[in-house]
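Subject: Structure for your review

Dear colleague,

Please find the structure below, followed by an account of what was found in it.

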Amino acid sequence: MTTRIIATGAYVPEQVITNDDIAKVVDTSDEWIAKRTGIKERRISSGENTSMLAVKTARQLLERAGVEAETLDLIIVASITADYATPATSCIVQKEIGATNAVAFDVSAACSGFMFALSIADKYIRAGMYNNAVVIGAETLSKYIDWSDRSTCVLFGDGAGGAYIEKSETDGIIKEEIGTKGEIYDILTAGYTASTGAFNNYNTDHLWYVNMNGREVFKFATKSVVKSVERVLSDAGVSVDSLKYVVPHQANTRIVEIISHKLGIPYEKFYINMDKYGNTSSASIPIALNELNEKGLLKRGDKILLTGFGGGMTWGTMLISW
Ligand code: UT7
């Protein structure tokens, strides 16, 4: 028994912010951003919070899968930019779509969040506990961006993407792994709130914003993804040649180029859309997967690989027979 993706969906805010727009507020240029990252524009929310992006994605997933909300067993939202510390964003999704019989919780694994959430949902389904799940990555990272810091503000965007998954006897998830390296957690952080003592006061400081050692994250990304993909393919006994597409975390085209080179997987097999959305953290892989699916580029039985890395530090790779 395995777990199969039956439907994909995504929602991004309407507002497009181009590299030229950002160059009006910080000392940067379209040329620098495009050359160093591959990003040309991103969507930035002008009021919709993370839960709203997730709800719109969930509604689309149910519609596309042709299932009633009451039949849903499980809702997992991966996010690091939830509306509230509590409730979980997934509980808001549950209410808004009317999934009265589902259990709902969130997962925090930054840009690997969708991979972690899919991995967890898959285990519940394989164990026979649930028959189906909605898994969503949703972020409004713009809430955590220091718009005067050119080293980070050019990279990120807002959006949500997800999958409706079901128990399957045939095609589906073949092999996967998730991993963490907490010892270097401090190379990428966001949303720090200090507990300052004295009767529960707390304050926020510059560590509220995304803080990143870009070069170290770059090194971690190329190493961890390459090793993870190698392990998953070797465990599955699947060669790189049999892969139809790789859907990588959409952070930087230079990272993808290195991964492509090291793994010997042609760059054309990597599905890239970071030029339009930037890095949407946990939403990046499902937004790209949904685009690939919407374009009709996936056929039943195609072998595809999802792989990402992110804060934590974390990584996750999944080999799927579509
Ligand atoms: O989901 C995980 C999220 N994070 C990532 O995936 C990030 C991984 N890292 C990266 O993608 C790259 O490290 C960055 C794109 C963040 C930076 O690229 P880089 O080639 O590593 O640049 P750098 O940090 O080494 O900076 C090179 C120069 C510096 O100037 P000097 O010191 O050489 O004069 C920076 O100040 O580029 C400068 N710089 C910029 N210039 C124009 C940094 N950001 C900008 C900018 N515009 N936006």
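Helices (H or I, at least four residues) and strands (E, at least two) are DSSP runs, numbered from the N terminus. This is a predicted model, in which local features need pLDDT of at least 70, side-chain atom pairs count only at pLDDT 80 or more, and totals for chains, interfaces and linings use all residues. Residues are numbered from 1 along each chain as its sequence is written, and side-chain values use heavy atoms, with hydrogens and water left out.

Backbone

P87 belongs to the loop between β4 (74-78) and α4 (89-97). The peptide bond that runs from T86 to P87 is cis, with omega near 10°. Another cis peptide bond joins G312 and M313, where omega is about -5°; M313 is placed in the loop between β14 and β15 (314-321). In the loop between β5 (103-107) and α5 (113-126) lies A110, a residue other than glycine whose phi is positive, near 50°.

The ligand

The ligand is surrounded by 23 residues, and the closest are T28, R36, R215, H249 and N252. A residue is counted as near a molecule if one of its heavy atoms lies within 4 Å of it. By class, this shell has 11 nonpolar, 7 polar and 5 charged residues. In this scheme Ala, Val, Leu, Ile, Met, Phe, Trp, Tyr, Cys and Pro count as nonpolar, Asp, Glu, Lys and Arg as charged, and the others, Gly among them, as polar. At least two residues of the shell are supplied by each of α2 (30-37), α6 (150-153), α7 (214-236) and α8 (253-263), and the largest share, 4 residues, comes from α7.

For R150, a backbone N or O atom lies 2.9 Å from a nitrogen atom of the ligand. For N279, a polar side-chain atom lies 2.9 Å from an oxygen atom of the ligand. On its own the ligand has 950 Å² of accessible area, of which the protein covers 74% (Shrake-Rupley method, 1.4 Å probe).

The largest pocket

The ligand takes up the space of the largest pocket. On a 1 Å grid over the protein atoms alone, a pocket is an open set of points with protein on both sides within 12 Å along at least five of seven lines, a cavity is a set where a 1.4 Å probe fits but cannot get out, and lining residues have an atom within 4 Å of a point. A molecule sits in either if more than half of its atoms lie within 2 Å of its grid points.

The largest pocket holds about 1,100 Å³ of space; a volume is the space filled by probe spheres set on the points, which are joined across faces, edges and corners. Its lining has 48 residues, with T152, L155, F156, L188 and M212 nearest the centre. Two or more lining residues come from each of α2, α6, β9 (188-189), α7, α8 and β14 (303-310). By class, the lining of the largest pocket has 24 nonpolar, 19 polar and 5 charged residues.

The cavity

The structure holds 1 cavity of 30 Å³ or more, with about 40 Å³ of space in the largest cavity. V225, P248, H249, V256, I259, T307, G308 and F309 line the largest cavity, and β14 gives the most to this lining, with 3 residues.

Yours sincerely

Definitions and conventions: Polar contact = N/O pair within 3.5 Å; in protein donor to acceptor, adjacent residues only side chain to side chain.
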